[in-house]
Amino acid sequence: MIRVLFVCLGNICRSPMAEAIYRNMVQNKGLADKIEVDSAGTALWHSGKPPHKGTRAKLDEYKISYEGMTARQISQEDFNTFDYIITMDDDNMKNIESEFEMSDSVTVKKLLEFVDNPRELNVPDPYYTGDFDYTYELVHEACEHLLEYIVHKHQI
């Protein structure tokens, strides 16, 4: 089982959006028995809360389930559990690198690193920008590339 964890700041906008989109892609390709998906935040502020209403509305628009998803904070245990820890921006990456002991067995990268010639280097936080459409476009495109990468790398 390949395990992928998406990480943003509060785990209510970008990372749950990525989790839901990626899980939907994995299920549509018949890989749910091979790839497991979760999300977390670097901050504790929203723990236990559902995704932001803007994220839910965008996922509803595309009929992508977020049922049962609640925010949680990333922990050191995640570095023992997940094969991929995928952050949304430089700040998330810096927070992780400064607060956790890295493991050579985990690939830690920004989501947009999986896109050739990305429009952005970081996924903008719609909590602040209000632009859930643009965030969805970036996350969806990058999740497609990430899935291709993992399928090819692990030959699944």
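Modeller: A salt bridge is a side-chain nitrogen of Lys or Arg within 4 Å of a carboxyl oxygen of Asp or Glu. The structure above is a predicted model, in which local features need pLDDT of at least 70, side-chain atom pairs count only at pLDDT 80 or more, and totals for chains, interfaces and linings use all residues. Residues are numbered from 1 along each chain as its sequence is written, and side-chain values use heavy atoms, leaving out hydrogens and water.

Biologist: Why is the meeting of the Arg14 and Asp125 side chains called a salt bridge?

Modeller: Arg14 belongs to helix α1 and Asp125 to the loop between β4 (107–110) and α5 (126–129), so parts 111 residues apart in sequence are tied together. Helices (H or I, at least four residues) and strands (E, at least two) are DSSP runs, numbered from the N terminus. Arg14 and Asp125 are both buried (under 20% relative accessible area; exposed is over 50% and partly exposed in between, with a 1.4 Å probe and protein chains only). Salt bridges with shared partners join Arg14, Asp89 and Asp125 into one network.

Biologist: How many salt bridges does this rule give?

Modeller: The count is 12. One of them joins Glu36 and Arg3 at 2.5 Å, N to O. Glu36 is in strand β2 (residues 35–41) and Arg3 in strand β1 (residues 2–8), 33 residues apart.

Biologist: Are Arg3 and Glu36 buried or exposed, or in between?

Modeller: Arg3 has a relative accessible area of 18%, so Arg3 is buried. Glu36 has 32%, and therefore counts as partly exposed.

Biologist: What makes Arg119 and Glu141 a salt bridge?

Modeller: The closest N and O atoms are 3.4 Å apart, so this pair also meets the definition. Arg119 is in the loop between β4 and α5, while Glu141 is in helix α6, so the pair ties together parts 22 residues apart in sequence. Arg119, at 48% relative accessible area, is partly exposed, and Glu141, at 26%, is partly exposed.

Biologist: How do you know that the end-to-end distance of α6 agrees with its number of residues?

Modeller: The expected span of a helix is 1.5 Å times one less than its number of residues. The 23 residues of α6 should therefore span 33 Å, and its end C-alpha atoms lie 32 Å apart, which agrees.

Biologist: On what grounds are the buried residues of α2 placed on the same side?

Modeller: The buried residues of helix α2 (residues 53–61) are Gly54, Thr55, Lys58 and Leu59. They cover an arc of only 130° around the axis (taken from the directions from the helix axis to the C-beta atoms), so they are on the same side of α2. What covers them includes α1 (14–28) and α6 (132–154).

Biologist: Which residues touch the most other members of the largest nonpolar core?

Modeller: A nonpolar core is a set of buried Ala, Val, Leu, Ile, Met, Phe, Trp, Tyr and Cys residues joined through side-chain atoms within 4.5 Å. Among the 38 residues of the largest core, Val4, Phe6, Ile21, Tyr22, Ile35, Leu111 and Leu146 touch the most other members. The greatest contribution comes from α6, with 9 residues.

Biologist: What is in contact with Ile35, leaving aside its neighbours within four places in sequence?

Modeller: Contact means heavy atoms within 4.5 Å. The partners of Ile35 are Met1, Ile2, Val4, Tyr22, Val26, Leu147, Ile150 and Ile156.
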